[in-house]
Amino acid sequence: MARFIVQLVVTALGLWLAAAVVPGVDFVGQWTLIWAALLLGLINAIVRPILVVLTFPLTVVTFGLFLLVVNAATIGLTAVLLDGFVVNGLWAGIGAAIVTGVISWIAGSAVPDGRRDE
């Protein structure tokens, strides 16, 4: 449960930073941001694996760069499903995907996951 809460906070922080840095990404309040982080987590758990499998040939041809488009699509789907969270266009979605990905990567390397190195 604690890992879930940490991941939710990290995702919310990434979305907040994306809204601050990337033009075209915005939210109306802190609760919208928390709901967006929760919904994005659910979409990443359910929809993203399907998109990754379906777009595997494009991902191989583009040496993995197409995964940015897949991540932007999941953030865009979050914005479509949640009032108060806005992503205006593909480039704003890609920018938000980059920012949230970097924040998650930094947090993942800074916070131990509880597994022992063997």
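Here is a short walk through this structure, from its helices to its core and then out to its surface.

The model is predicted, with local features needing pLDDT of at least 70 and side-chain atom pairs counting only at pLDDT 80 or more, while totals for chains, interfaces and linings use all residues. Residues are numbered from 1 along each chain as its sequence is written, and side-chain values use heavy atoms, with hydrogens and water left out.

Let us begin with helix α1, which covers residues 2–21. Helices (H or I, at least four residues) and strands (E, at least two) are DSSP runs, numbered from the N terminus. α1 has 20 residues and reaches 28 Å from its first C-alpha to its last, close to the 28 Å expected at 1.5 Å a residue; the expected span is 1.5 Å times one less than the number of residues. Val10, Thr11, Ala12, Gly14, Leu15, Ala18 and Ala19 are buried in this helix. Here buried means under 20% relative accessible area, exposed means over 50%, and partly exposed is in between (1.4 Å probe, protein chains only). The cover over the buried residues of α1 includes β1, α2, β2 and α5.

Ala18 counts as buried because its relative accessible area is 0%. Leaving aside neighbours within four places in sequence, Ala18 is in contact with Val25, Ala96 and Val99, where contact means heavy atoms within 4.5 Å.

Next comes helix α4, residues 66–81. This helix has 16 residues and spans 23 Å from first C-alpha to last, close to the expected 22 Å. Its buried residues are Val70, Ala72, Thr74, Ile75, Thr78 and Ala79, and they pack against α2 (30–54), β2 (85–87) and α5 (90–110). Thr78 counts as buried because its relative accessibility is 1%. Not counting residues up to four places away in sequence, Thr78 touches Ala36, Leu39, Leu40, Ile43 and Phe85.

Now for the core. The largest nonpolar core has 23 residues, and Leu15, Val25, Ile75, Phe85 and Val87 have the most contacts inside it. α1, β1 (25–27), α2, α4, β2 and α5 each supply at least two residues of this core, and α5 gives the most, with six residues. Such a core is a set of buried Ala, Val, Leu, Ile, Met, Phe, Trp, Tyr and Cys residues joined through side-chain atoms within 4.5 Å. Leaving aside neighbours within four places in sequence, Phe85 is in contact with Leu15, Val25, Asp26, Phe27, Thr32, Ala36, Ile75, Thr78 and Ala79.

Finally, look at the outside. Val9, in helix α1, counts as exposed because its relative accessibility is 53%. Trp31 and Gly76 are 45 residues apart in sequence and 18 Å apart in space, C-alpha to C-alpha.

One more stop is the loop between α3 (56–61) and α4, where Phe63 lies. Phe63 counts as exposed because its relative accessible area is 80%. Most residues other than glycine have a negative phi. Phe63, although not a glycine, has a positive phi of about 55°.
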